[in-house]
Amino acid sequence: MKLTLKVWRQKSANDKGRLETYQLDNVSEHMSFLEMMDVLNEQLISEGQEPVAFDHDCREGICGMCSMHINGEPHGPDRGVTTCQLHMRKFKDGDTIYVEPFRAKGFPIIKDLVVDRSAFDRIQHAGGFVSVNTSGNTQDANAIPIPKDDADKAFDAATCIGCGACVAACKNASAMLFVSAKVSQFALLPQGKVEAKQRVLNMVEQMDKEGFGNCTNTGACEVECPKGISLENIARMNREFLKAACSAE
Ligand code: SF4
Ligand code: FES
């Protein structure tokens, strides 16, 4: 395939940034999107130009690093996949593809397509954990009966990989799908009940501090989420938050 790429180039956080145009003449439909970006970078290096900076790690849909806006959509046109799982067969010979970083106040651009998503780490640190007695008499987690429906919903919430596509898709740059997944995976399980109130209060407070917007039920986050995290989690987080806020008064 021959492709025209319009790629966002930005030297540093303070640089204004602009779209640069590149031509690729020999892209296989079997390549992943990141492999296509590798080919572009090899071409740029051989021409003495600086390669495009982009995040990636596992390249198999697990780590959530490959944050890119492709033709206006986080992780591109396919559904239920990350950028590293997106294949070039989703595009046509002669296509022009726009590649930009995730854009949100809470995700400042570091360079080219790399954004700083440490806000998500700080939200996790605020409450995304359980405290466990490790003194030697810890109860085996499997010895605690959990209704199958709750276990399934908790597992579904725990599949969130923290990629940030929900924020990038949202007109309000809201992080509520991410935060609600992290709250839900504990709220549904007995192990998460002990710190439940403080967890949701602290995580929502940190989310607000980081500059993310509010949810207005548009649902773009659910559509673009590569892991199919449901909006139901946002409703659960709101209930958890109200319960915690009312009992704290
Ligand atoms: S909720 Fe979905 S889109 Fe948002 S961070 Fe988690 S996996 Fe990514
Ligand atoms: S590189 Fe890990 S999810 Fe894409």
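User: So two strands pair if DSSP finds at least two bridges between them. What counts as a helix or a strand here?

Analyst: Both are DSSP runs numbered from the N terminus: helices are H or I with at least four residues, and strands are E with at least two. Please keep in mind that this is a predicted model, where local features need pLDDT of at least 70 and side-chain atom pairs count only at pLDDT 80 or more, while totals for chains, interfaces and linings use all residues. Residues are numbered from 1 along each chain as its sequence is written, and chains are lettered from A and ligands numbered from 1 in the order in which they are written.

User: Good to know. How many helices and strands are there in the protein?

Analyst: The protein has 8 helices and 7 strands. Its C-alpha atoms fill a box of roughly 60 × 35 × 35 Å along the principal axes.

User: What order do the strands of the open sheet take?

Analyst: The open sheet has 5 strands in the order S2-S1-S5-S3-S4, with mixed pairing. Strand S2 (18-24) and strand S4 (73-74) are the edge strands, each pairing on one side only.

User: And which way do S1 and S5 pair?

Analyst: Strand S1 (residues 3-9) pairs with S5 in the parallel sense, over 4 bridges. In that pairing, Leu 5 has Ile 97 in S5 as its bridge partner. Strand S3 (residues 69-70) runs antiparallel to strand S5 (residues 96-100), and 2 bridges join them. There, His 69 has Glu 100 as its bridge partner, and Ile 70 stands opposite Val 99.

User: Changing topic: is Lys 11 buried or exposed?

Analyst: Lys 11 counts as exposed because it has 12 C-beta neighbours inside 10 Å. The cut-offs are 20 or more other C-beta atoms within 10 Å for buried, 12 or fewer for exposed, and partly exposed in between, with C-beta atoms placed from the backbone. Lys 11 lies in the loop between S1 and S2. Its C-alpha atom is 5.5 Å from that of Lys 111, which is 100 residues away along the chain.

User: What domains does the assignment give?

Analyst: It gives domain 1 (3-111) and domain 2 (118-248); such bounds come from an automatic or database domain assignment. Their C-alpha centres lie 29 Å apart. In domain 1, 18 residues are in contact with 17 residues of domain 2, where contact has C-beta atoms, placed from the backbone, within 7 Å.

User: Which residues come nearest to ligand 1?

Analyst: Of the 14 residues around ligand 1, the nearest are Cys 160, Cys 163, Ala 165, Cys 166 and Cys 225. Near here is a C-beta atom, placed from the backbone, within 6 Å. Helix H5 (176-187) and helix H4 (165-169) each supply at least two residues of this shell, and H5 has the largest share, with 3 residues.

Note on methods
Two residues are in contact if their C-beta atoms, placed from the backbone, lie within 7 Å.
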